[in-house]
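Visitor: I would like to learn how to read aromatic contacts in a model. Where do we begin?

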Amino acid sequence: MDKLEKSTKKRYLFFITTIVLSIILAVLFFQNRIDILTSDVHLINIAGRQRMLSQRISKHVFAINLDQGVIANKVYLDSLMGLTSEWQKNQNYLIAANKDLPNSDKIDDLFNASRPSTTKLLNAALKILDNPNSPDILGSSINTIRQEESPVLTSMNNIVLEYQNTAEKNLSDLYSITYLVALIVAMVIIGQFALVFLPLIKKLKEKSNSLQLANIALETSNKEIQEKMDQVNDLQADLKVKEEHNKIFIDKAPNAMAMFDNDMRFLAASDRWRSDYNLSDKEITGKSLYEIFPEIEEEWKKIHQDCLAGAIHHEDEIAYKWPDGRVQWLSYDIRPWYISPDTIGGLLIYTLDITAIKEKEKEKLRIEEILDKTNEVARIGTWEVDTINGKIHWSTVTCEIHEVPYDYVPELETAINFFKEGESRDKIQLAVNNAIEKGISYDVEVELITAKGNSRWARAIGQAEMVDGQCVRLYGVFHNINDIKVTENALNKANEELSAIFNVGPISIIGTDMNGLITHFNKGAENLLQYSAAEMIGKMTPEIIHVREEVEKHGKELSKIFGKTISGFDVFVEHARRDSFESMEWTYVRKDGTHFPVQLITTAIKGPNGDINGFLGVATDISETVNNRKKLIEAKENLEVLTKKLTNQNRQLADFAHITSHNLRSPVANLQTLSSFYKDSESEEERSELFEKFEIVIDHLSSTLNTMVEVIQTTDDSTKATKELSFEKTLIKTQEIISSQIEQSGAIIKSDFSKVPTVVYNDIYLDSIFLNLISNAIKYKSEDRIPEIYLESKIENGKTILSINDNGLGINMDKHGHKLFGLNKVFHSHPEAKGVGLYMTKVQIEAMGGSIFATSKIDVGSTFTVVF
């Protein structure tokens with residue numbers, strides 16, 4: 001019996017050893033396959049995140065374009081930098097990891113196919129990061145991203161799908177191998193049983209029935225043990241997979257998240273958590289939260305303990321002050337995680353850094369406060385009419401404009417009486433009626449009679465709020481423009497007097513720099529000397545129009561007077577250099593070689609600090625009688641209309657008021673006085689002496705006028721309100737405005753708006769675009785044919801396109817194309833050409849996010865294309 005027992009033990013040990021080894025080998029094998037599947041899942045997660053990152057990059061770029069705030073842009077740029085960096089890192093990881101995959105060739109092909117689109121999209125984002133303040137780069141990058149966003153998503157979808165196919169194949173292989181291994185193990189067990197236990201069973205049956213029962217019981221016990229071992233192994237494998245998945249989920253979470261055990265030791269932390277708290281380069285797993293952040297207060301430790309007991313703590317916003325003095329605004333969520341329904345394993349802490357949002361809110365409040373104060377300084381008041389209840393509300397500044405108490409409550413029936421009876425009252429009545437009945441906004445200049453009886457000019461802007469075709473509210477602003485209107489009248493009067501002074505006869509005015517190079521050559525000089533300004537400015541010196549012998553002779557006289565050698569250009573300006581002037585008779589030489597005498601006054605041109613930066617020579621032809629004199633000088637610039645839309649209301653108003661109230665008063669008063677002296681003068685000598693003083697006053701007035709033009713020519717962002725507009729109605733309105741030009745020229749205007757009949761745009765800008773381009777087509781018509789103008793709208797690349805074609809004079813694009821839309825650039829000798837229309841059209845179109853370009857051939861015609 002002992003021998004049989006020993007033999008049985010040996011056989012049983014051999015059987016158990018074989019089973020255990022089989023189980024160990026199976027566990028190792030399946031662990032390897034599970035690791036492969038885990039790697040597949042990791043690759044799928046990263047590839048899927050790449051798809052999401054490409055979308056977030058696109059959204060951030062579009063958000064940068066929409067949000068013009070400086071702080072908002074920095075937030076988006078920092079976030080965009082993080083997204084592009086993470087995208088590149090993940091892309092490199094996927095490409096490197098792909099080398100070990102069985103179908104790496106196919107996935108490599110997918111990566112190669114997607115590389116052009118992904119490279120363009122990434123480079124576009126990087127260009128914005130390199131040049132965040134360049135509108136051109138921002139615009140081109142946005143167009144690139146719009147074009148490449150869909151191909152990138154498609155290619156990433158294909159890559160994710162291929163990774164999924166690989167994972168599914170590996171999973172399918174695992175199933176097959178599992179069945180095979182199970183079959184082998186079963187065969188091994190059966191073989192072991194047949195070879196080892198059957199002989200023993202026969203002997204045991206022969207020995208004792210009781211021993212047979214014991215063996216059966218033992219066999220049953222072994223099977224139960226085996227089943228439990230299998231269950232334990234399965235649970236261990238499942239637990240390991242779940243732990244790995246949980247760690248991946250937390251590590252790659254897009255927000256700041258950390259997982260702790262019951263002792264507040266780090267189990268896992270997301271990349272965002274590490275970056276938000278400057279832990280990217282530290283190993284924190286297994287370390288206590290209080291070891292990493294020893295400055296955590298006891299109040300927070302108590303909250304942690306409460307949550308470990310089952311509580312949940314949430315804070316929408318809280319200011320956390322770091323030891324270095326930095327204040328960080330955070331949103332918190334702290335809650336327990338469970339090992340089992342009744343057992344807490346630790347805490348999950350989620351945080352969101354909302355510092356940028358709080359700073360933006362603070363900046364918004366600051367800007368609103370500044371805007372309120374600015375409106376008060378700029379004398380801009382608001383008003384509102386409740387048409388349903390018949391109530392009117394005026395702001396403090398509006399009450400001040402009307403000179404009524406701040407608590408004054410206007411009546412709907414009597415408020416119209418503040419407008420001066422006649423043109424102003426009729427104008428505002430018509431505008432208000434159109435706004436209430438048709439929803440048409442208005443912007444008019446009207447004269448008020450205040451409560452104290454004072455006359456005051458104001459700009460009234462109104463906007464209707466329509467609900468179901470009925471006006472429920474009318475609101476807008478009042479802007480005190482009394483100083484502007486007074487100045488405008490003074491400027492008009494000064495311009496008339498200035499024109500009268502300079503049109504009395506032929507006067508040559510030539511300006512030079514310090515070295516004598518001609519910088520200004522007026523029309524009078526062109527008429528008298530037969531040279532064009534283009535021939536002289538920047539190319540010649542005044543010596544070309546003088547007799548050399550006279551110059552040499554006068555140079556010797558000056559050399560004796562001042563005790564030094566004076567020659568060349570210095571002969572004309574030596575007195576001016578010495579803060580004086582010289583008036584003497586010279587002989588001018590025309591381009592054809594003929595001579596004529598002039599009285600020339602030479603003075604210095606000084607800057608604001610009194611430094612000389614050039615010289616001016618004013619010459620009068622004294623060989624002809626007063627009755628045959630030509631015009632003295634043509635005005636340097638035609639004054640722009642002073643009531644154009646303003647871009648920056650506050651600064652422009654301050655600059656404009658300063659210019660008009662201070663800088664123009666002196667020159668206008670001087671011109672009036674000089675004009676009186678000029679009219680009363682009786683001799684030619686007296687009038688010649690007056691010209692020197694005219695030039696000084698003219699220089700100041702010219703500088704002021706140029707400043708005013710720059711202020712007036714800025715665009716107004718407040719006019720960017722849009723609505724759906726009809727191309728056909730806008731064309732009809734334009735034809736009505738320039739009906740006399742169309743009738744005089746016999747122009748034929750045709751249009752085809754069938755493809756795109758409407759556009760969502762600013763009505764003021766669209767009217768201006770039609771008016772400028774159509775009136776230009778008529779203005780620059782060919783004398784050899786009736787002007788024909790054709791307008792067409794269409795869609796190209798998702799954009800609304802408007803083209804205006806004419807058969808006019810055409811433009812030399814090789815010569816003038818680069819400055820076609822420049823300010824004060826003219827390309828034809830038309831008396832009304834100012835070089836402002838195309839410039840303003842381009843500014844308005846670009847302000848609305850569009851573009852304009854032109855094609856033209858000389859004596860064939862031009863086509864202007866507007867991309868909305």
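**Reading the ring pairs**

Guide: This is a predicted model. A search of the whole structure finds 16 aromatic pairs.

Visitor: What kind of pair do F266 and W273 form?

Guide: Look at the angle between the ring planes; over 60 degrees counts as edge-to-face. Here the planes of F266 and W273 stand at 75 degrees, with ring centres 6.4 Å apart, so this pair is edge-to-face.

Visitor: Is F266 buried or exposed? And W273?

Guide: Under 20% relative accessible area means buried. F266 has 1%, so F266 is buried. W273 has 4%, so W273 is buried.

Visitor: How do the rings of F419 and F478 meet?

Guide: Their centres lie 6.2 Å apart and their planes are at 40 degrees, so the pair is tilted. This pair links distant parts of the chain, 59 residues apart. F419 is in the loop between helix 10 (396-402) and helix 11 (423-438), while F478 is in strand 10 (residues 470-480). Both F419 and F478 are buried.

Visitor: Which residues do ring pairs link into a cluster?

Guide: The cluster contains F727, F753, Y761, F770 and F868.

Visitor: Where does K301 lie relative to Y290?

Guide: Check the distance to the ring centre and the position over the face. K301 lies over the face of Y290, 5.0 Å from the ring centre.

Key: Residues are numbered from 1 along each chain as its sequence is written. This is a predicted model: local features need pLDDT of at least 70, side-chain atom pairs count only at pLDDT 80 or more; totals for chains, interfaces and linings use all residues. Side-chain values use heavy atoms; hydrogens and water are left out. Rings of Phe, Tyr and Trp (its six-membered ring) pair if their centres lie within 6.5 Å; planes under 30 degrees apart count as stacked, over 60 as edge-to-face and the rest as tilted. Buried means under 20% relative accessible area, exposed over 50%, partly exposed in between (1.4 Å probe, protein chains only). Helices (H or I, at least four residues) and strands (E, at least two) are DSSP runs, numbered from the N terminus. A charge sits over a ring if NZ of Lys or CZ of Arg is within 6 Å of the ring centre and within 35 degrees of the ring normal.
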